[in-house]
Amino acid sequence: MKFSQIAAQLYTVRDLCTSTDDLARTLSRLRAIGYEAVQVSGIPESISASEIRRLADAEGLKICATHEPGDRIRREPKAIVERLQTLGAIHTAYPYPSGVDFKDVASIKAMVSDLDAAGAVLREHGCTLSYHNHAIEFLRIGDETLMDYIFRATAPENLLFELDTYWVQAGGCNPVAWIRKVAGRSPLIHLKDFGFGADNKAFFAEVGSGNLDMPAIVETADASGTEWFIVEQDVCPGDPLASLGISFRYLSGLAK
C-alpha cells in the first residue's frame, strides 16, 4: 500500500459537509492531515457532483469512489455512470441492501440479479460496481452465508467487492480470509477497526486502535490487488477529523 492509496470516506465527516462552504473547509482539513483521496458519501444532494469535483480538485484530492443510493444503482445504472464521469471516478459501491427482505429468498435473489445487471452496465462504460457489506450479509442461508451467495451468484466482471473490515468481524467472520476469497475482485476496502469496551459492547475504533490485525489486513489486501484503502468510522468519540487523523498516521506507518 502506498501513501497515495489511503483515502478518507466522507461519510465519516458527513456532519461537517452539510453545505458547500462546510465541505470546502472539511476537504481542506483532510488534505492537511495528509489524505490524497476521498470517497464521496453522505454529501447532501443539494451539492452537485460538479461542485464536489471542483472543491476536491482545488485541494488536490482525488475522488477515488462513491456510494450511491441502492435503488438508483439497481434501477438507473446509466445515471450512476454519468455521475461518476462528472466526479472523475470509476468506482462506486452498493452501500446497503435497504428494502430487501432477508426472510424472502426471492427478494434476495432479485437484489443480486439487479446488481449483476447494473454492474454490467457500469462495466460497459469503464466503471465498476462493488458490494459493500455490513454484518447482515453473513446471515446463513442453508449451507452458506448471504455473502457467499452474492459472491457465487454474480459474474466476477460485473460485481466486485468493497469489504468492510469491521462488519466482516461483526458478522462472525475473518476479514483476512474474506480478503483472500475476493482477491482480484476487490478494488476497494473499508478499513475500520473493531474495538471492545468494558461495557461488553463493540465499538467503531480508529484504525490501529482496535483488535483487528491491521498489518495482516493491509498486506493481504495489497497482495490481492486492492487499489484504494479507505478509512471509514461510522461513529467517532469526538471530532471525526481527529479520528481520521489517528487512522491516517497509523496507516502511514504501514505504507511503502
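Me: Which strands does α5 lie across?
Reply: In this predicted model, α5 lies across β4 and β5 (128-132). Its direction is at about 150 degrees to β5.

Me: And what sheet are those strands in, how is it built?
Reply: The sheet is a closed barrel of eight strands, in the order β1-β2-β3-β4-β5-β8-β9-β12, and the pairing is parallel. On average, neighbouring strands of this sheet are turned by 30 degrees against each other, direction ignored.

Me: How many bridges join β3 to β4?
Reply: Three bridges join strand β3 (residues 62-67) to strand β4 (residues 91-94), and the two run parallel.

Me: Which residue in β4 is the bridge partner of histidine 67?
Reply: The partner of histidine 67 is alanine 93.

Me: Back to α5. At what angle do the axes of α4 and α5 cross?
Reply: Helix α4 (residues 77-87) and helix α5 (residues 105-124) have axes that cross at roughly 40 degrees and come within 9 Å. That angle makes α4 oblique to α5. The crossing in which α4 passes α5 is right-handed.

Me: Which residues meet there?
Reply: From α4, Pro77, Lys78, Ile80, Val81 and Leu84 meet Ala118, Val121 and Leu122 of α5. Sorted by class, the contact of α4 with α5 has seven nonpolar residues, no polar ones and one charged residue.

Me: Now another helix pair. How far apart are the axes of α1 and α2?
Reply: The axes of helix α1 (residues 20-33) and helix α2 (residues 49-58) are 9 Å apart, and the helices pack at an angle of about 35 degrees. The crossing of α1 and α2 is right-handed.

Me: Which residues make that contact?
Reply: Thr20, Leu23, Ala24 and Leu27 of α1 make it together with Glu51, Ile52, Leu55 and Ala56 of α2. By class, the contact of α1 with α2 has six nonpolar residues, one polar and one charged.

Me: New topic: how many aromatic pairs does a search of the whole structure find?
Reply: The search finds eight aromatic pairs. One of them is formed by tyrosine 94 and tyrosine 131, with ring centres 5.6 Å apart.

Me: Why is that pair tilted?
Reply: The planes of the two rings are at 40 degrees, so the pair of tyrosine 94 and tyrosine 131 is tilted.

Me: Where do those two tyrosines lie?
Reply: Tyrosine 94 lies in strand β4 and tyrosine 131 in strand β5, so the pair ties together parts that are 37 residues apart in sequence.

Methods:
Residues are numbered from 1 along each chain as its sequence is written. This is a predicted model: local features need pLDDT of at least 70, side-chain atom pairs count only at pLDDT 80 or more; totals for chains, interfaces and linings use all residues. Side-chain values use heavy atoms; hydrogens and water are left out. Axes are lines fitted to C-alpha atoms, for helices over the stretch in contact, and angles run from 0 to 180 degrees between N-to-C directions. Helices (H or I, at least four residues) and strands (E, at least two) are DSSP runs, numbered from the N terminus. Angles under 35 degrees count as roughly parallel, over 145 as roughly antiparallel, 65 to 115 as roughly perpendicular and the rest as oblique. A crossing is left-handed if the near helix is turned anticlockwise from the far one by less than a right angle, and right-handed if clockwise. Contact means heavy atoms within 4.5 Å. Ala, Val, Leu, Ile, Met, Phe, Trp, Tyr, Cys and Pro count as nonpolar, Asp, Glu, Lys and Arg as charged, and the others, Gly among them, as polar. Two strands pair if DSSP finds at least two bridges between them. Rings of Phe, Tyr and Trp (its six-membered ring) pair if their centres lie within 6.5 Å; planes under 30 degrees apart count as stacked, over 60 as edge-to-face and the rest as tilted.
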